[in-house]
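Colleague: I have a model open and would like to talk it through with you. Could we start with one of the helices and work outwards from there?

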Amino acid sequence: MLMTTPAGMALANTLRDMGIGNEKVLTVIAQTPRHLFVDEAFSHQAWENTALPIGQGQTISQPYIVARMTELLLEVEPQHVLEVGTGSGYQTTVLSQLVPSVCTIERIKSLKFQARRKFNRLDCHNVVTKHGDGWQGWPSKGPFDAIIVTAAASSVPDALLTQLKVGGRLVIPVGEQEQLLKVITREEHRLVSQTIEMVRFVPLINGELA
Ligand code: SAH
């Protein structure tokens, strides 16, 4: 059972002031122990609204962007969600408290294993993990009500669009130097794309695993 801490409440208040309106998301951010997900040397900064290193040259996103992407995804009330880029497992842990079923893929084996241990320790029993290339999605677990990509793609991967249910949405940062957070909703006969805001993510790698 996760508990809200004063540091968590303070972070939630900061995010509310920045425009995050979904109170369920703010409650979950306030009670998710972010210090368990960052490099130990940075744990004293874990409750600040900043991106931090998680090892292997990767970063945990700023809590504001985790909250923003999560609230965009929840707008379609998803039951079954795919996350591409498990990383530390922080975003996954946030999602696992808000949706019934979460599948998450990571291309760096050691990060995948470390994240799996945290999901067990925090009783996130609705999360399944995979070491694989998320550019291809996870066809055998799809289709999904929503897909969240937590690394920046040079273009929108087709495989992810085909694994979305009708009415489902993809939340994805797109671009290289300049990256834009996009929401792509699958309607019966078309895809509708919205641009949310500028963001900064590590790249989504297309190809070999590590
Ligand atoms: N959601 C994570 C963010 C981690 S950073 C968190 O909360 O900590 C993005 C992650 O995407 C990195 O761990 C990186 O290794 C992973 N990644 C990059 N390309 C990928 C790909 N093609 N498939 C799966 N994971 C990928």
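Predicted model: local features only at pLDDT ≥ 70, side-chain atom pairs only at ≥ 80, totals over all residues.

Colleague: How many residues of α3 are buried?

Modeller: The count is 12 of the 12, so α3 is largely enclosed by the rest of the structure. The buried residues of α3 include Arg-68 and Glu-71, as well as Ile-65, Val-66, Leu-72, Leu-73 and Leu-74.

Colleague: And what is the overall fold made of, in terms of helices and strands?

Modeller: The protein has six helices and nine strands, and its C-alpha atoms fill a box of roughly 45 × 35 × 35 Å along the principal axes. For 210 residues, a compact globule would have a radius of gyration near 17 Å, and the protein has 16 Å, which agrees with that expectation.

Colleague: Switching to the ligand, which residues come nearest?

Modeller: There are 25 residues around the ligand, and those that come nearest are Ser-88, Glu-106, Asp-133, Gly-134 and Ile-205.

Colleague: What polar pairs do you get there, with distances?

Modeller: A polar side-chain atom of Glu-106 lies 2.6 Å from an oxygen atom of the ligand. Two further pairs involve backbone N or O atoms and a ligand nitrogen atom: Gly-134 at 2.8 Å, and Arg-107 at 3.3 Å. The protein covers 99% of the 590 Å² of accessible area that the ligand has on its own.

Colleague: Where does Lys-109 sit, and what does it contact?

Modeller: Lys-109 is in helix α5, which runs over residues 109–121, and with 44% relative accessibility it counts as partly exposed, because that value falls between the 20% and 50% cut-offs. Leaving aside neighbours within four places in sequence, Lys-109 is in contact with His-131 and Ala-210. Lys-109 and His-131 are 22 residues apart in sequence, yet their C-alpha atoms are 5.9 Å apart in space.

Colleague: What about Thr-129, buried or exposed?

Modeller: Thr-129 is buried, with a relative accessible area of 16%, and belongs to strand β5, residues 127–131. Not counting residues up to four places away in sequence, Thr-129 touches Thr-104, Lys-112, Arg-116, Phe-119 and Trp-138.

Colleague: And Gln-179, what does its side chain reach?

Modeller: The side chain of Gln-179 reaches the backbone nitrogen of Phe-201 at 2.6 Å. Gln-179 is found in strand β8, residues 179–186, and counts as buried at 6% relative accessibility. Beyond its neighbours up to four places away in sequence, Gln-179 touches several residues, including Ala-152, Val-174, Glu-197 and Phe-201.

Colleague: Before I do any geometry checks, which peptide bond is cis?

Modeller: The bond from Gly-142 to Pro-143 is cis, with omega near 0 degrees, and Pro-143 lies in the loop between β5 and β6. Most peptide bonds are trans, and most residues other than glycine have a negative phi.

Colleague: Then where do you find a positive phi in a residue other than glycine?

Modeller: Glu-77 has a phi near 45 degrees, and Asp-123 has a positive phi of about 60 degrees although it is not a glycine. Glu-77 is in the loop between α3 and β3, whereas Asp-123 lies in the loop between α5 and β5.

Colleague: How accessible are Glu-77 and Asp-123?

Modeller: Glu-77 counts as exposed at 65% relative accessibility, while Asp-123, at 48%, counts as partly exposed.

Terms used. Residues numbered from 1 in each chain as written. Heavy atoms only, no water. Helix = DSSP H or I, 4+ residues; strand = E, 2+ residues; numbered from the N terminus. Buried < 20%, exposed > 50% of the residue type's maximum accessible area, 1.4 Å probe, protein only. Contact = heavy atoms within 4.5 Å. Near = heavy atom within 4 Å. Polar contact = N/O pair within 3.5 Å; in protein donor to acceptor, adjacent residues only side chain to side chain. Areas by Shrake-Rupley, 256 points an atom, 1.4 Å probe, with all protein chains shown as cover. Rg over C-alpha atoms; globule rule 2.2 N^0.38 Å.
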